[in-house]
Amino acid sequence: GVVLTISTNSLLNWIKKKQDVVDNYTKTEEIADGIVGLIGNTPLMRIKSLSEATGCEILAKVEFLNPGGSLKDRAALNIIKKAEEQGLISPNSGCTIFEGTSGSTGISIAIISRAKGYNAWIIMPDDQAEEKYQLLEKLGATVEKVKPASIVDKQQFVNLAKSRAEQFGKHQGVQQDVDKDFEIINMQNSIVNSRKAGFFANQFENLSNTEAHYYGTGPEIFRQTNGKIDAFVAGAGTGGTISGISRYLKPLIPSLKVFLVDPPGSGLYNKVKYNIMYSPYEAEGTRRRHQVDTIVEGVGLNRMTENFNTVHGLIDDAIRVSDEEAVAMARYLVREEVRRQSTVLVACVLLGN
């Protein structure tokens, strides 16, 4: 026979080593708590081709790695969390979240709503990419497509989302109030249809948007770069991203320059440059069907929002990028880097040169 003797200390040391091995694979910060746990903490990527061409290190925050494919996941999650904290909504009780969006925020809200036990009702202009409507439908959201209209119009998609949320639950849902001119996709949501409460996410004016970037994206960028940043370049739709990140970084890096990149037709360029919200597209005799007349969806605006107001005085300059420049950069990136965010990177190259 064989006699095996193990001292108590040896046994405890052996167990500890085994536990250390397990811990290396099960660290809590490495395991996401559901799909919402995957939002944020995205990496920074060096754009190799552009950095070498300009002699300036150009880094991109890889926000397409968020579950919804964009940084809008951050704002959507924080908006919903704040609403929960304020007791405005509760999961798995038939609450429906309404939002007016050109698509990206709607996708984020649909994903997070599905994961947390809410219904999503997304109202969009009817001229957006067809794939956005299809994806939202597959995610179980009700999609309402409306004709593009000015923000002063009650039927403008953002105003309509607010109205739908206010109407929600007062009758038997909002079906009876939906005009026949609107196209509704997937009317019946798939969680619960008790229609307990309607909540308007209000991404343009809800400051939970910019807070998501002040407390999340900004600190991530500072940590990832060790605070060594000369310039921060971003576009603006709601203004939440550029305001939140700038408000966090500027006090920590006094020499930092912040640049807004703006597409054709948007008035933000002139607002930053000359403190006048104006676009040449608004001149008499030149006004077009869409004020922000660009192929770049979700960027550019002709009004001030609460989120954009918070960045007042922190943006150093603005750069106008044409559709032609954006398309050329997109094709270059597909060829050299296989990635997007072409409008912002055009501005980075201009600054680098």
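Author: One term to begin with: a salt bridge is a side-chain nitrogen of Lys or Arg within 4 Å of a carboxyl oxygen of Asp or Glu. The model is predicted, so local features need pLDDT of at least 70 and side-chain atom pairs count only at pLDDT 80 or more, while totals for chains, interfaces and linings use all residues. Residues are numbered from 1 along each chain as its sequence is written, and side-chain values use heavy atoms, with hydrogens and water left out.

Reader: How many salt bridges does the structure hold?

Author: There are 12. In one of them, the side chains of Arg74 and Glu220 meet at 2.9 Å, N to O.

Reader: Where do Arg74 and Glu220 sit in the chain?

Author: Arg74 is in helix α3 and Glu220 in helix α7 (residues 208-225), 146 residues apart. Helices here are DSSP runs of H or I with at least four residues, and strands are runs of E with at least two, numbered from the N terminus.

Reader: Is Glu220 buried or exposed?

Author: Glu220 counts as buried because its relative accessibility is 5%. Buried means under 20% relative accessible area, exposed over 50%, and partly exposed in between (1.4 Å probe, protein chains only). Arg74 is buried too, at 7%.

Reader: Which residues are linked with Arg74 in a network?

Author: Lys61, Glu63 and Glu220 are linked with Arg74 by salt bridges. The Arg74 to Glu63 bridge is 2.7 Å, N to O.

Reader: Different topic. What does Asp262 pair with?

Author: Asp262 forms a salt bridge with Arg320 (3.5 Å, N to O). Asp262 lies in strand β9 (residues 257-262) and Arg320 in strand β10 (residues 317-320), 58 residues apart. Asp262 is buried at 0%, whereas Arg320 is partly exposed at 25%.
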